[in-house]
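Dear colleague,

I am handing over the structure below, together with notes on what was found in it.

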Amino acid sequence: MNQNHRTHWYSEYILLLLGSLLIATSFNMFLNPNKIASGGTTGISIIIRQLFGIEPALTQWALNIPLFLVGLWLLGRKFGAKTAVGSVLLPLLVLLTRGLPSLTDNLLLASIYGGILIGIGLGLVFRGKGSTGGLDLAAQLVHRFTGMSLGLAVAMLDGMVILAAGIVLSPEKALYALIGLFVTSKTINVVQIGFNYSKVAFIISGQAEVIKQVILTELDRGVTMLQATGGYTGEARMVLMVVVGQTEVSRLKELVKATDPGAFVILSDTNEVLGEGFKIHGQIT
C-alpha cells in the first residue's frame with residue numbers, strides 16, 4: 001500500500017468514525033430522550049425500548065450484525081470492511097454516549113436538530129465510502145430479490161418504522177419523526193454536495209462563434225460547443241454550453257445580450273462541478 005493510498009484509507013475511516021459519533025450523539029441528545037423514531041435501526045431501537053425496556057445499542061447490534069452476515073452470504077463481498085465496522089461501531093458509540101444530557105424536550109426542536117446532526121453524520125460516513133449498516137442493508141436485499149428500486153426500498157422500510165412508531169408511541173411522535181427524516185435527507189445532500197451551487201447555461205445563437213470568444217476573454221470561462229439541429233427548420237446550428245458560478249450569471253447574460261439580443265439562453269442549477277476553475281476532483285468540502 002503506497003503512501004497516498006494509505007492516507008486516503010485512513011481519511012475514510014476517520015470520516016466513518018466522526019460520522020458515527022455524530023449520529024450517536026444526536027440519537028442520545030435529541031431523538032432517544034424524546035422518543036422520535038425517524039426510521040432505521042435507531043428508530044426500531046427506540047420502539048423496542050418503549051415496549052420492552054431493552055438498551056437501544058443492544059437492539060441495534062441485534063439487527064445490524066445478522067443483517068450484515070446475511071448480506072455478506074447472499075450478496076458477497078460488496079458490503080466491504082467499512083460496512084462491517086460501521087455495523088458494530090455505531091451501536092458501540094450509542095452505548096458510550098448514552099449518558100449525554102438531553103438538550104431539549106421540545107419535539108419540534110429535537111426532530112429538526114436531531115435530523116441535522118444525523119444528516120451530517122451520515123453525509124460524512126458516505127463521503128468516507130462507508131455505511132452504518134442497519135436498514136440500508138435490508139433495503140439492498142429487498143432490491144436484489146424483488147427488483148424494487150433501492151430508493152423505494154429504503155423509503156418503504158423507513159415508512160414501516162415510522163408507522164410502527166405511530167402505533168407504539170403516538171401518532172404525533174410519528175409526525176415529528178417524518179420531519180426528522182426529511183431534515184436528515186436534506187442535510188445529507190448538503191454534506192455530499194455543499195452549498196456552492198453553480199449554473200449551467202445553454203446558448204443558442206446565430207453568432208455562436210462571437211459569443212464563444214466573448215465568454216472566453218471577458219468571463220474567462222471554458223465553453224463547450226455542441227452540434228444541434230433545429231427541430232422546426234432542420235438547420236444545423238451550434239449550441240454553447242458554459243458553467244458559471246452564481247455570481248457570474250448576471251455578467252454572462254449581459255455579455256450574451258450585448259453580442260446577440262436575440263440569443264436563446266437556458267439556465268439551470270447544477271449541484272456539483274468538478275474540474276479546473278471549480279472544485280478539484282476528490283476534494284472534500
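Two strands are taken to pair if DSSP finds at least two bridges between them, and the strands themselves (E, at least two residues) are, like the helices (H or I, at least four residues), DSSP runs numbered from the N terminus. This is a predicted model, in which local features need pLDDT of at least 70 and side-chain atom pairs count only at pLDDT 80 or more, whereas totals for chains, interfaces and linings use all residues. Residues are numbered from 1 along each chain as its sequence is written, and side-chain values use heavy atoms, with hydrogens and water left out.

The sheet

Four strands form an open sheet in the order β2-β3-β1-β4, and their pairing is antiparallel. The edges are taken by β2 (224-229) and β4 (264-270), each of which has a single partner strand, so one side of each is left without a neighbour in the sheet. Neighbouring strands are turned by 25° against each other on average, direction ignored. Angles otherwise run from 0 to 180 degrees between N-to-C directions, and axes are lines fitted to C-alpha atoms, for helices over the stretch in contact. Helix α9 (residues 208-219) packs on this sheet, where it touches β1, β2 and β3 (236-245), and its direction makes about 15° with that of β3; contact here means heavy atoms within 4.5 Å.

Taking the pairs in turn, β2 and β3 run antiparallel and are joined by six bridges. Within this pair, Ala228 stands opposite Arg237 in β3, and Met225 stands opposite Leu240 in β3. The hairpin of β2 and β3 has six residues between the strands, and in it Gly234 takes a positive phi near 75°. Strands β1 and β3 pair in the antiparallel sense over seven bridges, with Gly245 in β3 as the bridge partner of Ser198. Strand β1 (residues 198-204) is also joined to β4 by seven bridges, again antiparallel, and Val200 stands opposite Ser268 in β4.

The helices

UniProt, in an unreviewed entry, places the feature "transmembrane region" at residues 12-31, 58-76, 83-101, 107-126, 147-169 and 175-195; its positions are given in the numbering used here, feature names are shortened, and annotations may be inferred rather than shown by experiment. In the model, residues 12-31 are 100% helix and 0% strand, with the end C-alpha atoms 27 Å apart, and residues 107-126 are likewise 100% helix and 0% strand, with the end C-alpha atoms 28 Å apart.

How do helix α1 (residues 3-34) and helix α5 (residues 107-127) lie against each other? Their axes come within 8 Å and cross at roughly 165°, which makes α1 roughly antiparallel to α5; by the convention used, angles under 35 degrees count as roughly parallel, over 145 as roughly antiparallel, 65 to 115 as roughly perpendicular and the rest as oblique. The crossing of α1 and α5 is left-handed, a term that applies if the near helix is turned anticlockwise from the far one by less than a right angle, with clockwise giving right-handed. Among the residues that make the contact are Leu15, Gly19 and Phe30 of α1 and Tyr113, Gly114 and Arg127 of α5. The residues of this contact divide into 16 nonpolar, six polar and one charged, where Ala, Val, Leu, Ile, Met, Phe, Trp, Tyr, Cys and Pro count as nonpolar, Asp, Glu, Lys and Arg as charged, and the others, Gly among them, as polar.

Helix α1 also packs with helix α2 (residues 40-52), at an angle of about 55° and with the axes 11 Å apart, and the two are therefore oblique to each other. This crossing is right-handed, and in it Phe27, Leu31 and Asn32 in α1 meet Thr42, Ser45, Ile46 and Arg49 in α2.
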